[in-house]
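Biologist: I have a model open and would like to learn how to read its features one by one. Could you walk me through it?

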Amino acid sequence: IPYTGDGGYYEIGIASNPVGPFVVDGTTTDKTDETYSVTGLESATTYYLVVRTFTPSHGDQKNDLTSEWSNVVSVVTDDAIYNVTTTEMADDGTCDAANCSLIEAINAANADGVESTINLQNSATYSLSSVDNTTFGDNGLPLITTSIIFNGNDATITRDESIDFLRIFYVTTSGEAEFNHINISNGVSSLGSGGIYNEGIVRVVDSAVTGHTSDDSGAAIGN
């Protein structure tokens, strides 16, 4: 909008429906601002945005003026993507750009409610040395309860020799996991497979699931 005089700012409205109601997400500093960032949006969701101007009273204009909303613009947010930044198996409850472990990434993916992608570090080794949960045996990583794509980038996830029994992955009935270019090794379980125990859907693409042991059945991948 070329009119930038007499003070004021832009208001940005947002809605989940193209006809509103539109809620003001925030305002720009003034009318010369050309950008505004909307944060806190859900992944893989359509939002509808509008803009209007506000001009305070001045001179002969005795009242504050707010324009009509602009035409509606729709945007679709991306699917959730989590980049693992450390080989440590820590869990402080958050996965962000500065620090995200594999455990934190899986927990975040399970919680976001959409298909998620987890990117591992190139050729990194993630060594599991403690039990995360005991669903049908000891598991080294959180249960996979939603749809998650693991892009391994030739990374390895393995059981540390210091722990006797530890399965690597457990995919629940609601879970769906795709493993791309990843090595999953050395899992041991007395109940079901030591590598991947699957009750949902599993796809293994250009990956290796090797060196696993089970006292029950399906040492590498069990259903």
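Biologist: Happy to start with strand pairing. Which residue in S4 is the bridge partner of Phe 54?

Modeller: This is a predicted model, and in it Phe 54 has Thr 66 of S4 as its bridge partner. The two strands involved, S3 and S4 (residues 65–66), run antiparallel and are joined by two bridges.

Biologist: How many bridges join S3 to S5?

Modeller: Four, again with the strands antiparallel; S5 covers residues 73–76.

Biologist: Now pockets, please. Which residues line the largest pocket?

Modeller: The general idea is that rolling a probe the size of a water molecule over the atoms shows where empty space is left. Here the largest pocket holds about 180 Å³ of space. Its lining is made up of Tyr 10, Ile 12, Thr 28, Asp 33, Glu 34, Thr 35, Tyr 36, Ser 37, Val 38, Leu 49 and Val 51. At least two lining residues come from each of S1 and S3.

Biologist: How do I read a nonpolar core, and which of its residues touch the most other members?

Modeller: In soluble globular proteins, nonpolar side chains tend to be buried together. The largest core in this model has 33 residues, and Leu 102, Ile 118, Phe 150, Ile 157 and Phe 169 touch the most other members. Two or more residues each are given by S6 (80–83), H1 (102–112), S8 (125–128), S9, S10 (169–171) and S11 (176–185). H1 provides the largest share, six residues.

Biologist: What about a polar residue? With which side chain does that of Thr 158 make a polar contact?

Modeller: With the side chain of Ser 185, at 3.0 Å. Thr 158 belongs to S9 (residues 147–159) and is buried, at 14% relative accessible area. Among its other contacts beyond four places in sequence are Thr 125, Leu 128, Ile 168 and Asn 186.

Biologist: Last topic: backbone angles. Which peptide bond is cis, with omega near 10°?

Modeller: As background, most residues other than glycine have a negative phi, and most peptide bonds are trans. In this model the bond from Gly 20 to Pro 21 is cis. Pro 21 lies in the loop between S1 and S2 (23–27).

Biologist: And where is Asp 154 found?

Modeller: Asp 154 is in S9, and its phi is positive, about 65°, although it is not a glycine. His 181, in S11, also has a positive phi, near 50°. His 181 counts as partly exposed because its relative accessibility is 39%, which falls between the 20% and 50% cut-offs.

Key. Residues numbered from 1 in each chain as written. Predicted model: local features only at pLDDT ≥ 70, side-chain atom pairs only at ≥ 80, totals over all residues. Heavy atoms only, no water. Buried < 20%, exposed > 50% of the residue type's maximum accessible area, 1.4 Å probe, protein only. Polar contact = N/O pair within 3.5 Å; in protein donor to acceptor, adjacent residues only side chain to side chain. Contact = heavy atoms within 4.5 Å. Core = buried A, V, L, I, M, F, W, Y, C linked by side-chain atoms within 4.5 Å. Pairing = 2+ DSSP bridges. 1 Å grid on protein atoms, 1.4 Å probe; cavity = no way out; pocket = protein on both sides within 12 Å on 5 of 7 lines; lining within 4 Å. Points joined across faces, edges and corners; volume = space filled by probe spheres on them.
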